[in-house]
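Reader: I have a structure to study and some questions about it. Could you take me through them one by one?

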Amino acid sequence: MISSEFPLKVSPSLLAADYGYLADAAISAEQGGANLLHIDYMDGHYVPNISFGIDLIPALKKRVNIPLEAHLMISNPEDRIEDFIRVKPDYITIQEDVPKDVRSILNKIRKSGIKPGLAINPDRPLSAIYNYLHLIDYLLILGVFPGFGGQKFIRDTLKKMEEAHNFRIKNNLKYDIAVDGGVNLLTARNIVKTGANILVAGTAIFGQENIKEAIENLKKL
Ligand code: DX5
Ligand code: ZN
């Protein structure tokens with residue numbers, strides 16, 4: 001359940017926005033009460049899709065004040081991390097199953113003053129990252145296999161959210177637990193029951209006519 005220590009936040013995923021009006025979408029999200037803005041980086045290699053360029057971050061920083069989170073679904077984060085650090089998003093999240101040396105990338109992000117995050121795919125156990133959870137501010141649990149918006153939430157991932165929440169309480173850790181992929185009003189009901197406290201949603205926000213109402217409905221849960 002949501003506690004005052006980890007209040008519920010909503011992070012709209014720009015992947016589902018109208019690319020002809022990206023800044024407008026970000027501004028609508030901010031005005032609609034979004035707490036964060038989720039930006040998916042896909043390289044056409046780690047996932048079979050290509051999304052935004054790095055320079056989107058400084059462009060958006062000129063238009064909105066809410067924290068920007070970069071979710072890197074890329075095969076070579078060690079080669080690209082400096083470029084992402086340079087544009088200063090508020091969070092940088094890497095996929096846990098990619099780098100040989102997860103720890104050194106997380107430390108590099110932390111040292112730069114940016115909040116480090118780790119993302120974990122539906123088929124990976126939380127035990128794969130027990131050793132890194134004390135190094136992060138943000139755990140991103142994928143509710144779908146990454147690559148595309150609009151996929152169906154995989155219910156089995158709820159157990160991992162619960163485990164991640166119990167782990168942070170037991171070890172007195174303060175990372176947020178965000179859930180990304182297939183989040184909508186129906187699935188979010190079960191997601192927040194696990195203790196996960198950030199809802200990342202693309203289609204369920206930017207795919208709706210009224211963005212503000214979509215954000216408010218998720219926040220009410
Ligand atoms: C999944 C991306 C998500 C995506 C979610 O590959 O990491 O951020 O935008 O889209 P929805 O909310 O439509 O499932
Ligand atoms: Zn994402």
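This is a predicted model: local features need pLDDT of at least 70, side-chain atom pairs count only at pLDDT 80 or more; totals for chains, interfaces and linings use all residues.

Author: In sequence, the donor residues of the zinc ion (ligand 2) follow the spacing H-x1-D-x30-H-x108-D.

Reader: Which residues are the protein donors of the zinc ion (ligand 2)?

Author: A donor must be an N, O or S atom within 2.8 Å of the metal. Four residues of the protein provide such atoms, lying 2.1 to 2.3 Å from the zinc ion. They are His38 (NE2), Asp40 (OD), His71 (ND1) and Asp180 (OD).

Reader: What is the geometry of the site of the zinc ion (ligand 2)?

Author: For six octahedral donors, the ideal angles are 90 or 180 degrees. Here there are six donor atoms, with angles of 69 to 169 degrees among them. The site is octahedral.

Reader: Are histidine 38 and aspartate 40 buried or exposed?

Author: The cut-off for buried is under 20% relative accessible area. Histidine 38 and aspartate 40 are both buried.

Reader: How far is an oxygen atom of ligand 1 from an N or O atom in the side chain of aspartate 40?

Author: Asp40 is one of the residues that come nearest to ligand 1. A polar contact needs a pair of N or O atoms within 3.5 Å. For the side chain of aspartate 40 and an oxygen atom of ligand 1, the distance is 2.7 Å.

Reader: Where does ligand 1 sit?

Author: Around ligand 1 there are 18 residues. A backbone N or O atom of glycine 147 lies 2.8 Å from one of its oxygen atoms. The protein covers 99% of the 380 Å² of accessible area that ligand 1 has on its own. Ligand 1 sits in the largest pocket.

Terms used:
Residues are numbered from 1 along each chain as its sequence is written. Chains are lettered from A and ligands numbered from 1 in the order in which they are written. Side-chain values use heavy atoms; hydrogens and water are left out. Donors are N, O and S atoms within 2.8 Å of the metal (3.2 Å for Na, K and Ca); water is not among the atoms, so sites may look incomplete. Four donors count as tetrahedral if all angles lie between 85 and 135 degrees; four count as square planar and six as octahedral if opposite donors are over 155 degrees apart and all others between 65 and 115; anything else is irregular. Buried means under 20% relative accessible area, exposed over 50%, partly exposed in between (1.4 Å probe, protein chains only). A residue is near a molecule or strand if one of its heavy atoms lies within 4 Å of it. A polar contact is a pair of N or O atoms within 3.5 Å; within protein, one must be able to donate a hydrogen and the other to accept it, and residues adjacent in sequence count only if both atoms are side-chain atoms. Accessible areas come from the Shrake-Rupley method with a 1.4 Å probe; for residues, only the protein chains shown count as cover. On a 1 Å grid over the protein atoms alone, a cavity is a set of points where a 1.4 Å probe fits but cannot get out, and a pocket is an open set with protein on both sides within 12 Å along at least five of seven lines; lining residues have an atom within 4 Å of a point. A molecule sits in a cavity or pocket if more than half of its atoms lie within 2 Å of its grid points.
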